[in-house]
Amino acid sequence: MAAGPAGQVDVVVIGMGPGGEHVASRLAEAGLSVVGVDRRLVGGECPYYGCVPTKMMVRAAGLLAEAGRVPELAGESTVRADWSLVAKRVREQATDDWDDEVAVRRFTDTGGTFLRGEAKLTGKNEVVVTAADGAEHRLSARKGIVINTGTEPAVPPIPGLADTPYWTNRDAVQLTELPRSLAILGGGAIGVEFAQVFARFGVAVTVIEAQPRLLALEEPEAGALLAEVLEAEGLTVRVGARAAGVSHDGTTFTVDLGGSTVTAEKLLVATGRCTELAKLGVGAIGIDEKARLLEVDERLRVADGVWAVGDITGKGAFTHTSMYQADVVIADVLGRDGPPADYRAMPRVTFTEPEVGAVGLTEAQARERGISVRTGTTDLASSSRGWIHAAGNEGLIKVVEDADRRVLVGATAVGPGGGEILGALAVAVHGEVPVSRLTSMIYAYPTFHRAISSALADLS
Ligand SMILES: Cc1cc2nc3c(=O)[nH]c(=O)nc-3n(C[C@H](O)[C@H](O)[C@H](O)COP(=O)(O)OP(=O)(O)OC[C@H]3O[C@@H](n4cnc5c(N)ncnc54)[C@H](O)[C@@H]3O)c2cc1C
Ligand SMILES: NC(=O)c1ccc[n+]([C@@H]2O[C@H](COP(=O)([O-])OP(=O)(O)OC[C@H]3O[C@@H](n4cnc5c(N)ncnc54)[C@H](O)[C@@H]3O)[C@@H](O)[C@H]2O)c1
């Protein structure tokens, strides 16, 4: 291997998620000797168990829903859902049957060296990689180490749960046959995306969310509207419901909500993510092993010669965060000038229908920061385009203004193409475009994004 007998290299990248692979590949292309390490699959959670397979599922489920609207607007339709097509596409196109041969080659073709195994920090700039067969590789990194170890599904300590055959996202993306009924613990992004997909394929789905609303971190209006649409589609949504116990009798799960129960054939746990910093050996570089996340500065530095990117930095558990941070790290390692990391206009999109797009601060977050806030909201269904669109037109746009600076600090777009409408709002927040300029621009008629002007007109 390129690391040589002494295991001396320029850079070791631990974890080849989206950001880690990007850093490792670009640094190798720049001529550095780079070893990328992953204990699972090169590419990380996103292509194999996250974004890509789930968005293929969302696309298929969306087609079913749209076909179901034909009788209301265009004639007759008869649709027979067939999950095997989705499972086949996920297996063959998204994940290569959960095989990363192509991804490994994509990296090694840049000149990097790949090691499959569990990496552990053993000292400043030192890493030990243990392969599945127990073989150990000791590496020493002259320039530094980049940590991109991501997250694992978090399983809450609910009495009984650990002894049941519950699923996480990693099981759910590999399904070849669907259950008759499914309970989902957690109404965050993972929970609601899977919930709508499976329900549209005929599964009786119950979402159990401990917080008072779905997508608890987003604007309350977004979670409330989403719950309304899901319930109208036949799902059961239990918000403010904390599981007191879970049991499985061999065929059925029972979730005890303290006063009522939910039963289902299968249970999907989607209650957030956790990190494994102690296992990674961060104590060896002076970091508290009980920490949940790695504190990073604006260049993603954790310590001298150590950088981190991705979910583990706690700046937004999204592929685009990981890739964005990777570019900052690449510049820093190569000693190039570049802007520091800036998360003011962090976009996020939950791919339900209605799609929930948001950027920057919510109203509550802006108020917590002491910003003098004005908000404006508009109903997308009653916009010209929403009214024309009819079936499936539920949505809203909400903007959050810093009233002193007269710029938007956050915005939410829920509805058909909510994540695409978000593009314009993200530019406004990122570019700190004065609201007076946004209100004087021309919005094409009849688009969904034209409703942004109504939300701005509502600012008060
Ligand atoms: C169901 C689901 C849907 C999602 N949908 C979206 C979406 O639509 N859009 C979006 O932007 N984001 C989405 N995400 C989030 C997205 O997958 C992550 O934010 C993204 O993968 C970036 O993570 P990361 O770069 O931190 O690393 P990860 O992708 O988590 O990869 C980390 C890698 O590190 C490896 N590793 C960990 N510890 C070690 C070790 N000690 N030694 C060696 N290797 C190690 C792991 O094997 C893994 O390959 C979704 C996530 C899930 C679960
Ligand atoms: N479209 C996307 O970009 C996308 C899609 C999926 C996931 N992701 C990323 O993955 C991360 C993890 O997703 P997630 O949905 O697992 O986490 P999350 O933190 O977004 O949501 C988890 C939810 O589970 C609830 N919960 C926790 N314990 C519970 C309990 N015991 N009973 C009932 N509810 C409980 C929480 O209140 C929370 O609302 C997200 O933060 C997101 O960044 C992104």
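Okay, let's start with helix H8. At 1.5 Å a residue, its 12 residues should span 16 Å, and the end C-alpha atoms sit 17 Å apart, which agrees. Keep in mind that this is a predicted model.

So how covered is H8? Mostly covered: 12 of its 12 residues are buried. The buried ones include Ile190, Phe194, Val197 and Phe198, but also Glu193, Gln196 and Arg200. Just after the helix, Gly202 takes a positive phi of about 100 degrees.

Now the core. The largest nonpolar core has 128 residues, and Val12 and Ile184 have the most contacts inside it. Helix H8, residues 189-200, gives the largest share of this core, 8 residues. If you click on Ile184 and leave out residues up to four places away in sequence, you'll find that Ile184 touches Gly191, Phe194 and Ala195, along with Val205, Val207, Ile208, Leu268 and Ala270. Gly191, Phe194 and Ala195 are among the buried residues of H8.

Next, the domains. The protein is divided into domain 1 (5-43 + 100-151 + 275-333), domain 2 (161-272) and domain 3 (347-457). Taken over C-alpha atoms, the centres of domain 1 and domain 3 are separated by 37 Å.

Which residues are closest to ligand 2? Of the 27 residues that surround it, the closest are Gly186, Gly188, Ile190, Thr271 and Ala317. H8, strand S9 (204-209) and strand S18 (347-350) each give two or more residues to that shell, and the largest share, 4 residues, comes from H8. By class, the shell around ligand 2 divides into 14 nonpolar, 8 polar and 5 charged. And where does ligand 2 lie? Domain 2 and domain 3 both give residues to its shell, so ligand 2 lies between them.

Ligand 1 has 37 residues around it, and Gly15, Gly17, Gly44, Gly150 and Gly310 come nearest. Several elements supply at least two residues each to this shell, among them helix H1 (18-29), helix H3 (51-68) and helix H11 (319-333). Its classes come out as 15 nonpolar, 15 polar and 7 charged.

Let's jump to Leu456, in helix H16 (residues 451-457). Is Leu456 buried or exposed? It has 22 other C-beta atoms within 10 Å, so Leu456 is buried. Leaving out residues up to four places away in sequence, Leu456 touches Gly376, Val399, Val435, Leu438 and Thr439.

Most residues other than glycine have a negative phi, and most peptide bonds are trans. Here are some exceptions.

The peptide bond from Glu353 to Pro354 is cis, with omega near 5 degrees, and Pro354 lies in the loop between S18 and strand S19 (355-360). The bond from Tyr445 to Pro446 is cis as well, with omega near -10 degrees; Pro446 is in the loop between helix H15 (435-439) and H16.

For phi, look at Asn125: not a glycine, yet its phi is positive, about 65 degrees. Asn125 is in the loop between S4 and strand S5 (126-130), and it is partly exposed, with 19 other C-beta atoms within 10 Å. Leu300 has a positive phi too, near 70 degrees. Leu300 sits in the loop between helix H10 (277-280) and strand S16 (301-303), but Leu300 is buried, with 28 other C-beta atoms within 10 Å.

That's my tour, thanks!

Terms used. Residues are numbered from 1 along each chain as its sequence is written. Chains are lettered from A and ligands numbered from 1 in the order in which they are written. This is a predicted model: local features need pLDDT of at least 70, side-chain atom pairs count only at pLDDT 80 or more; totals for chains, interfaces and linings use all residues. A nonpolar core is a set of buried Ala, Val, Leu, Ile, Met, Phe, Trp, Tyr and Cys residues joined through C-beta atoms within 7 Å. A residue is buried if 20 or more other C-beta atoms lie within 10 Å of its own, exposed if 12 or fewer, and partly exposed in between; C-beta atoms are placed from the backbone. Two residues are in contact if their C-beta atoms, placed from the backbone, lie within 7 Å. A residue is near a molecule or strand if its C-beta atom, placed from the backbone, lies within 6 Å of it. Ala, Val, Leu, Ile, Met, Phe, Trp, Tyr, Cys and Pro count as nonpolar, Asp, Glu, Lys and Arg as charged, and the others, Gly among them, as polar. Domain bounds come from an automatic or database domain assignment. The expected span of a helix is 1.5 Å times one less than its number of residues.
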